[in-house]
Amino acid sequence: MTRVLVGAGLLVWAGATLLLSQWRRFARPSLSDRLRPFHPGGAESQVAAAGSIGSIRDVLMPLARDLGDRVASVFGVQEKCERRLQRIHSELSASRFRSRQMVMCAAALVVGAAAATAGQVPAALAVLLVAGGPTLVFLVVEQRLVLASQRWQRTTEEELPVVCEQLAMLVNAGYSLGAALGRLARRGQGCVARDLDGVVNRIRQGLSESEALQEWAERSGSGAVQRLVGVLTVHSSAADLGRMVTAEARQARRDLHRRTVEQMERRDQQVWVPVTVATLVPGAILLAVPFLAALRLFANA
């Protein structure tokens, strides 16, 4: 009996050790695992043992990413999920975001199928529950990411004129381009400062200033940022970089002013929509009363 208990205890100890070794709270990550998040693309390059849960996840996550991008393109979202996540500085990778999105869609599918089966609803409503639920969940998650990306772009364009003016002052004061970008990233707050912090980190990793700025322009998806980067990339051959950046700041401020005026005019036009509806509906009712009376008169004649 004692031998059986000892053998069972050893088996339980070995099984618990194997299970807890896969749990992050108990397993100490290796040095490569701790450094991987700080390497570009390192989050996607983690290799797991064959047949393990990690290897299955590494196979399914790229499939979920590709499937999610294709479904999003069907609904008119052409920009890649990875680019939008990079734009808003999300900690999630594209594969992990799509995997969570697909899991939520699968949960909605199970709930819809269970509701259709348990409630014995008509066939049309059952199809709507089974197909419409996952589609709605997918679109809601996708729309949240789209709105976050658009909000980041809009805030970046609103902050850009001030940042350009500060950059021009630093360059005119004798700062080099790299030192001026580092100072703005270190002392600034907001979307542009966070983007510049990423630019400075990429320069520290070995990229040239032009390459790091070009990455920011491609990631931002903003025309104003691309024009500014186009000016900054010629800093080595331009003797009056400060004046060029100042001119770009004026242009960015004019563009922002024009967009603000257009937005105010659209809102002024939207004010009249409820007023027009509130006027036309009672007017149509008042016109319908004599019209119906005239029809009755002609019918009785």
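**Salt bridges and buried residues, explained**

Reader: What makes the contact between E248 and R227 a salt bridge?

Author: The side chains of E248 and R227 come together with 3.4 Å from N to O. A salt bridge is a side-chain nitrogen of Lys or Arg within 4 Å of a carboxyl oxygen of Asp or Glu, so the pair of E248 and R227 at 3.4 Å qualifies. E248 lies in helix 11 (residues 241–300) and R227 in helix 10 (residues 223–232), so this pair ties together parts that are 21 residues apart in sequence. Helices here are DSSP runs (H or I, at least four residues), numbered from the N terminus.

A word on the source: this is a predicted model, in which local features need pLDDT of at least 70 and side-chain atom pairs count only at pLDDT 80 or more, while totals for chains, interfaces and linings use all residues. Residues are numbered from 1 along each chain as its sequence is written, and side-chain values use heavy atoms, leaving out hydrogens and water.

Reader: Why is E248 called buried?

Author: Its relative accessibility is 10%, and buried means under 20% relative accessible area, exposed over 50%, and partly exposed in between (1.4 Å probe, protein chains only). E248 therefore counts as buried. R227 has 34%, so R227 is partly exposed.

Reader: How do you know that R202 and E215 form a salt bridge?

Author: Their closest N and O atoms are 2.9 Å apart, so the pair meets the cut-off. R202 sits in helix 8 (residues 191–204) and E215 in helix 9 (residues 209–220), so the bridge ties together parts 13 residues apart in sequence. E215 has 27% relative accessibility and therefore counts as partly exposed.

Reader: What links R84 and E142?

Author: A salt bridge, with 2.8 Å from N to O. The pair links distant parts of the chain, with R84 in helix 4 (residues 81–87) and E142 in helix 6 (residues 123–172), 58 residues apart. Both residues are buried. The structure holds eleven salt bridges.

Reader: Is T156 buried or exposed, and what does T156 touch?

Author: T156, in helix 6, has 2% relative accessibility and so counts as buried. Leaving aside residues up to four places away in sequence, T156 touches C191, V192, D195 and V225, where contact means heavy atoms within 4.5 Å.

Reader: Why is V273 called partly exposed?

Author: V273, in helix 11, has 49% relative accessibility, so V273 counts as partly exposed.

Key: Helix = DSSP H or I, 4+ residues; strand = E, 2+ residues; numbered from the N terminus.
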